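This briefing goes through selected features of one protein model, grouped by topic. Please keep the structure open while reading.

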Amino acid sequence: MTSIRDTIAAIATGPAPGAIGIVRLSGPDALRVAGTLFRGSRFDPRTAKSHRIYHGVIHDPRTGEALDEALLLLFRRPRSYTGEDVVEFSCHGGPYVLSSVLSATIAAGARHAEPGEFTYRAFLNGRMDLAQAEAVADLIQARSAGALRAALRQRDGCLSARIASLRTTLLGAHATLEASLEYDAEDDAPDTDAAAAALRSVMADIEALLRTVKLGRVLRSGYRIAIVGRPNVGKSTLLNALAGRDRAIVASTPGTTRDIVEETVSLGGLPVTLIDTAGLRRPRGEVEQVGIERALDATARADAVLVVFDAARRWTQADRRVFEAASDRCAAIVWNKSDLVPPSLVERLASRYPSPTRSTPVFLVSAVTGTGIPALEEALVHHISRDSDSPDVDVVVHERHAEALDLAKRALLSALDHLEAAEEPVLAADDVREAADALATVVGATTNEDIVREVFRRFCVGK
Ligand code: GDP
């Protein structure tokens with residue numbers, strides 16, 4: 001990122017037209033820039049009060065032309081998001097209005113902010129640590145209640161506080177181990193047993209956090225469920241029924257869903273990505289071949305699979321092949337189109353599902369009328385929580401954090417080995433230091449600059 005002495009500006013709201021749009025400024029010159037553009041009866045940049053709203057008109061400093069009637073919101077440093085002087089203009093939310101106001105701030109001496117630069121400044125100014133900054137991006141991207149809850153906890157510093165306390169314990173144990181080098185006499189040597197016990201307790205907590213990694217992955221990327229079945233069994237219709245919206249192409253010609261359609265929905269508070277695959281059967285045209293390859297690929301990368309059969313048609317070898325291809329990850333078997341068959345047949349179908357996975361639940365649904373869909377959803381939620389539930393309140397959502405925790409765990413295992421083998425405590429002390437440093441990277445205390453930049457590069461402009 002370029003100099004932090006610059007004053008930066010960006011449109012902080014989304015690109016679509018909306019009732020309100022915000023242009024945000026941050027930096028030592030924010031008030032001077034604002035004073036150049038904004039005229040309000042009560043606004044004077046020298047005396048304007050922090051955390052106050054001023055009403056006025058924004059002008060283009062090059063032409064003097066009025067651009068918008070707006071509200072100016074002022075946060076003086078250090079009590080602002082970035083820790084610098086921050087000015088936010090609440091304008092009318094049209095893309096042209098907003099880009100004109102942004103361009104006026106640039107003409108008045110600000111420069112365009114880079115992605116994540118506001119939050120990067122907040123990090124540099126100590127307003128939040130790296131884990132909290134990452135949680136800001138998670139909050140914006142959250143697609144389910146569970147993801148939002150985890151992001152809020154992390155933004156509040158719950159994970160950071162926990163990491164800090166583990167680190168303090170490790171640094172204490174490190175000091176004990178280092179000190180024990182200075183003593184010759186056994187009697188008054190520092191207590192390495194106590195140090196080992198402390199290391200074990202830190203290890204247990206790290207392991208508890210690592211057990212949440214799977215749930216974290218689900219919260220971040222969604223639990224992926226591929227819907228497979230022969231052409232025309234109703235996969236697209238089922239996806240729409242589960243997603244509650246008409247997104248996938250529903251057509252009655254076999255093999256028309258040639259591409260993969262994905263839809264993320266919130267089921268039981270968890271983000272679930274439903275993947276509609278092309279029919280798994282012997283292909284005729286090349287396009288279909290590509291579709292089938294993608295379907296197999298999507299199935300391989302899915303966390304679970306829904307196998308769909310057509311209740312109104314005979315069960316065939318092709319159905320069996322689909323089932324066999326997916327059986328190791330099959331979350332449920334769905335007999336679709338129950339509305340087309342008499343209730344007596346529906347009963348018999350239930351007992352006709354393919355063995356050997358008798359534990360796989362079977363559902364009779366109609367994707368068209370919606371019959372049986374709630375029960376199917378409930379079973380999916382049950383399946384997902386069994387697959388990814390974790391008792392811990394903090395969830396490790398980021399791969400970066402998981403890697404750091406894993407590194408710390410390995411270093412601690414090595415330290416404990418040295419201590420148990422009654423070797424030189426200096427070896428254990430080095431490992432403990434390494435574990436403490438690994439933990440510090442989670443909050444950004446010792447994180448390499450390139451990694452920090454990478455974290456902020458994933459943010460949007462204006463955040
Ligand atoms: P896909 O090829 O497996 O994705 O199947 P589609 O979702 O495109 O559906 C194929 C045809 O079956 C369409 O004409 C749907 O309207 C119809 N269909 C899907 N589900 C049902 C259902 O539950 N009941 C009835 N009666 N028709 C259905």
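**Backbone geometry in the loops**

The loop between β5 (66-75) and β6 (86-93) contains P78. The model is predicted, and in it the peptide bond from R77 to P78 is cis, with omega near 5°. The protein chain has 16 helices and 13 strands. Of its 463 residues, 48% are buried. Among contacts with a separation of 6 or more, 68% join residues 24 or more positions apart.

- Most residues other than glycine have a negative phi, and most peptide bonds are trans.
- H51, which is not a glycine, has a positive phi of about 60°.
- The place of H51 is the loop between β3 (38-39) and β4 (52-59).
- H51 has a relative accessible area of 36% and is therefore partly exposed, since that class lies between the 20% limit for buried and the 50% limit for exposed.
- N232, also not a glycine, has a positive phi of about 75°.
- N232 sits in the loop between β8 (223-229) and α9 (235-243).
- The relative accessibility of N232 is 27%, so N232 counts as partly exposed.

- An α-helix has 3.6 residues a turn, so residues three or four places apart point the same way.
- Helix α1 (residues 30-37) has A30, L31, V33, A34 and L37 as buried residues.
- These residues of α1 cover an arc of only 160° around the axis, and therefore lie on the same side of the helix.
- The elements covering the buried residues of α1 include β2 (18-26), β3, β4, β5, β6 and α2 (95-107).
- In helix α16 (residues 449-457), the buried residues are V452, V455 and F456.
- Viewed down the axis of α16, its buried residues fall within an arc of 90°, so they line one face of the helix.
- D450 and R457 are exposed on the other side of α16.
- The packing partners of the buried residues of α16 are α3 (117-124), α4 (130-141) and α14 (399-420).

**Packing of α6 with α7**

- Two packed helices are described by the angle between their axes and the distance between the axes.
- For helix α6 (residues 158-180) and helix α7 (residues 192-210), the axes cross at roughly 155° and come within 9 Å.
- α6 and α7 are therefore roughly antiparallel, because an angle over 145 degrees falls in that class.
- The crossing in which α6 passes α7 is left-handed.
- On the α6 side, the contact involves L159, R162, L166, T169, L170, A173, T176, L177 and S180.
- On the α7 side, the contact involves T192, A195, A198, L199, V202, D205, I206, A208 and L209.
- By type, the residues of the contact of α6 with α7 are twelve nonpolar, four polar and two charged.

**Packing of α4 with α5**

- The axes of α4 and helix α5 (residues 145-155) cross at roughly 150° and come within 8 Å.
- This angle makes α4 and α5 roughly antiparallel to each other.
- α4 and α5 have a left-handed crossing.
- From α4, the residues A131, Q132, E134, A135, V136, D138 and L139 meet L148, A151, L152, Q154 and R155 of α5.
- The residues of the contact of α4 with α5 comprise seven nonpolar, two polar and three charged.

**Packing of α4 with α15**

- The axes of α4 and helix α15 (residues 425-443) are 5 Å apart, and the two helices pack at an angle of about 40°.
- α4 and α15 are therefore oblique to each other.
- The contact is formed by L130, A131 and E134 of α4 with T441, V442 and V443 of α15.
- The residues of the contact of α4 with α15 are four nonpolar, one polar and one charged.
- A131 and E134 of α4 are listed in the contact with α15, and A131 and E134 are also among the α4 residues that meet α5.

Note on methods
Residues numbered from 1 in each chain as written. Predicted model: local features only at pLDDT ≥ 70, side-chain atom pairs only at ≥ 80, totals over all residues. Heavy atoms only, no water. Buried < 20%, exposed > 50% of the residue type's maximum accessible area, 1.4 Å probe, protein only. Helix = DSSP H or I, 4+ residues; strand = E, 2+ residues; numbered from the N terminus. Arc of directions from axis to C-beta. Contact = heavy atoms within 4.5 Å. Axes fitted to C-alpha atoms, helices over the stretch in contact; angles between N-to-C directions. Parallel < 35°, antiparallel > 145°, perpendicular 65-115°, else oblique. Left-handed = near helix turned anticlockwise from the far one by under 90°. Nonpolar A, V, L, I, M, F, W, Y, C, P; charged D, E, K, R; others polar.
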